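Work through the exercises below with the structure in view. Each task is followed by its solution.

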Amino acid sequence: MAIALGPPELLILLIIVLVLFGGAKLPKLARSLGQAQREFREGVNEEDKAAGDSSSSDSKSKDA
């Protein structure tokens, strides 16, 4: 089941977040979310690279 969020729903969500966290904390919250997303992507890329390296070395050892 997919949840479709249109502009009205996103606006309501933004207002709720603004009320809960306040205007002063929003930049800090956005910065920490961006850092977490960047770290997650780096971890996924490292894991993909490690999986790609091990699979290519496995195929080389099978060929030999």
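**Exercise 1.** State how many helices and strands the protein chain has.

Solution. This is a predicted model. Its protein chain holds 2 helices and 0 strands.

**Exercise 2.** Check whether the span of helix 1 agrees with its number of residues.

Solution. Step one: helix 1 covers residues 7-21, that is, 15 residues. After helix 1 comes Gly 22, with a positive phi near 85°.

**Exercise 3.** Decide whether Leu 10 is buried, partly exposed or exposed.

Solution. Step one: Leu 10 belongs to helix 1. Step two: its relative accessible area is 45%. Step three: buried means under 20% and exposed means over 50%, so Leu 10 is partly exposed. Leu 10 also forms a nonpolar surface patch with Ile 3, Leu 5 and Leu 13, about 420 Å² of accessible area together.

Note on methods. Residues are numbered from 1 along each chain as its sequence is written. This is a predicted model: local features need pLDDT of at least 70, side-chain atom pairs count only at pLDDT 80 or more; totals for chains, interfaces and linings use all residues. Side-chain values use heavy atoms; hydrogens and water are left out. Helices (H or I, at least four residues) and strands (E, at least two) are DSSP runs, numbered from the N terminus. Patches are made of residues with over 30% relative accessible area and no salt bridge: like charges are joined within 9 Å, nonpolar side chains (Val, Leu, Ile, Met, Phe, Trp, Tyr) within 5 Å. Accessible areas come from the Shrake-Rupley method with a 1.4 Å probe; for residues, only the protein chains shown count as cover. A salt bridge is a side-chain nitrogen of Lys or Arg within 4 Å of a carboxyl oxygen of Asp or Glu. Buried means under 20% relative accessible area, exposed over 50%, partly exposed in between (1.4 Å probe, protein chains only). The expected span of a helix is 1.5 Å times one less than its number of residues.
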